[in-house]
Amino acid sequence: MRNKINRRAFLHAIAVLSASMIGRKAMATSAPNKGASWSGKIKGLGESGNVYEELGLTTVINGQGTMTYLGGSLMRPEAEAVMKLAALHFVNINDLEAAAGKRIAEMLKLPQGYSALVTSGAASAIQNGYSGILTGSNETYIKQIPDLTGLKSEVIIQKAHRSPWNHQIRATGVKMVEVETVADVHNAIRERTAAMHFLNLADPDGQIKREEWLKLAHAANLPAFIDAAADTPPKSHLWDYANMGYDLISFSGGKAMRGPQCTGLLIGRQEMISNALLNMSPNEDTLGRPTKVGKEEIVGMLKTLELYLAEDEQALAKEQWGQLDAIANRVTKIAGVTVTRHVPEIANNFPTIQIHLDPSKFSIDAGQVNRELASMKPSIVLGGGGNHENSTIGITAIVLQPGQDLIIADALSKVLREHQV
Ligand SMILES: *Cc1c(COP(=O)(O)O)cnc(C)c1O
């Protein structure tokens, strides 16, 4: 036995020695990850270069947007490269999260006392953020939730701010208490109130606006959480709400920032950030243990932020308008088609066009056009018209690749011409 260990130590020493002699590049790939003896040529899955086709799937030309069900966005190649570097070593994940938080606070110039955490999507930023609010750093409570015996148990929200992501708040065991007016808020606040939740994109819809909501929460000594998941661009939103005084803020990493699809950011007060981390992976016996973030994703998110912050937002928007106008110019040649352009005020704040169909000119409606395009190969997925689902098709170019604007324009024109009356 002893001999064997010595022999292994000896072989290791030789390996390290020879690696150091054959230069940095070889060492980076061979020394830390000894399983990586791969030649660089893919065999089996991936051999053709298109893993999805190999699996019998149709890839999608995505004119809808950064939809999770379509894969979110396409990662930045530089972020992918850095993720590969992250895969070469082991590291303590709790320490990595702390270091990432420090780096993010520096990059975003967050206010004094603020930090950040890379989470598995904004949804997990919400859940783990609320877990931390409820449990603090108390180990018994961390193990106990979603059983809230002895803990606060209610979160106040405006009726117009309810969203599917309230499920992640409820997962912690709390009950959502709906309010509409300031008087409602005063009535709703009581001993068991844990926090007040704001959905950034719903700001125009609720009676109580962003700043006032925060003031109401702080006047009652309650933390205020703002979900701004899809609200970059503009980049300034990454620090605006922290500067305003919101205690916790959630963002998606895999939407317009084009980070790893399964990443998100929880930005907020240092203590609440640490308490959120105590409630999630890699820490065992926690509610957030299923919301694992890998070392590769944590580092990929950091690189994504670095690249995103350096990006020229106006130039990007101009490029997107170029693609959308190319589609608009073609389809408006067809009688009965008009196009309007707009940029949503808060969520998905990027160029969007709406294609309106005069129902008297076509034998199919907008929903049917979308279904026909989606059944093509590759599948073309465009957005709906919101409240005008039957007459309007929505398109964004936020994740459109070069040349795909013309593919969309041709396919859309063809379908529309085929159904002219
Ligand atoms: C997309 C979204 C989420 C969830 O974000 P993920 O990063 O996909 O987990 C939460 N809230 C809002 C408002 C969103 O748009």
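Reply: Start with Lys-303. Beyond neighbours within four places in sequence, Lys-303 contacts Glu-78, Ala-79 and Val-82. Keep in mind that this is a predicted model.

Me: Is Lys-303 buried or exposed?

Reply: Buried. Its relative accessible area is 16%, and the cut-off for buried is under 20%. Lys-303 sits in helix α13, residues 295-310.

Me: How do I describe two packed helices?

Reply: Use the angle between their axes and the distance between the axes. Here, the axes of α4 (residues 77-86) and α13 come within 8 Å and cross at roughly 145°. The crossing is right-handed. From α4, the contact uses Glu-78, Ala-79, Val-82, Met-83 and Ala-86. From α13, the residues include Lys-303, Thr-304 and Leu-307. By type, the contact residues are 6 nonpolar, 2 polar and 5 charged.

Me: Now the sheet. How do strands pair?

Reply: Through backbone hydrogen bonds, either parallel or antiparallel. In this model, 7 strands form an open, mixed sheet in the order β2-β8-β7-β6-β5-β3-β4. β2 and β4 are at the edges with a single partner strand each, so one side of each has no neighbour in the sheet. Neighbouring strands are turned by 25° against each other on average, direction ignored.

Me: Which strand does β5 join through 4 bridges?

Reply: β6. The two strands run parallel. His-197 has Phe-225 in β6 as its bridge partner.

Me: Which strands does helix α11 lie across?

Reply: Helix α11 (residues 237-244) lies across β2, β6, β7 and β8, at about 170° to β7. Helix α6 packs on the sheet too, at about 160° to β7.

Definitions and conventions. Residues numbered from 1 in each chain as written. Predicted model: local features only at pLDDT ≥ 70, side-chain atom pairs only at ≥ 80, totals over all residues. Heavy atoms only, no water. Buried < 20%, exposed > 50% of the residue type's maximum accessible area, 1.4 Å probe, protein only. Contact = heavy atoms within 4.5 Å. Axes fitted to C-alpha atoms, helices over the stretch in contact; angles between N-to-C directions. Left-handed = near helix turned anticlockwise from the far one by under 90°. Nonpolar A, V, L, I, M, F, W, Y, C, P; charged D, E, K, R; others polar. Pairing = 2+ DSSP bridges.
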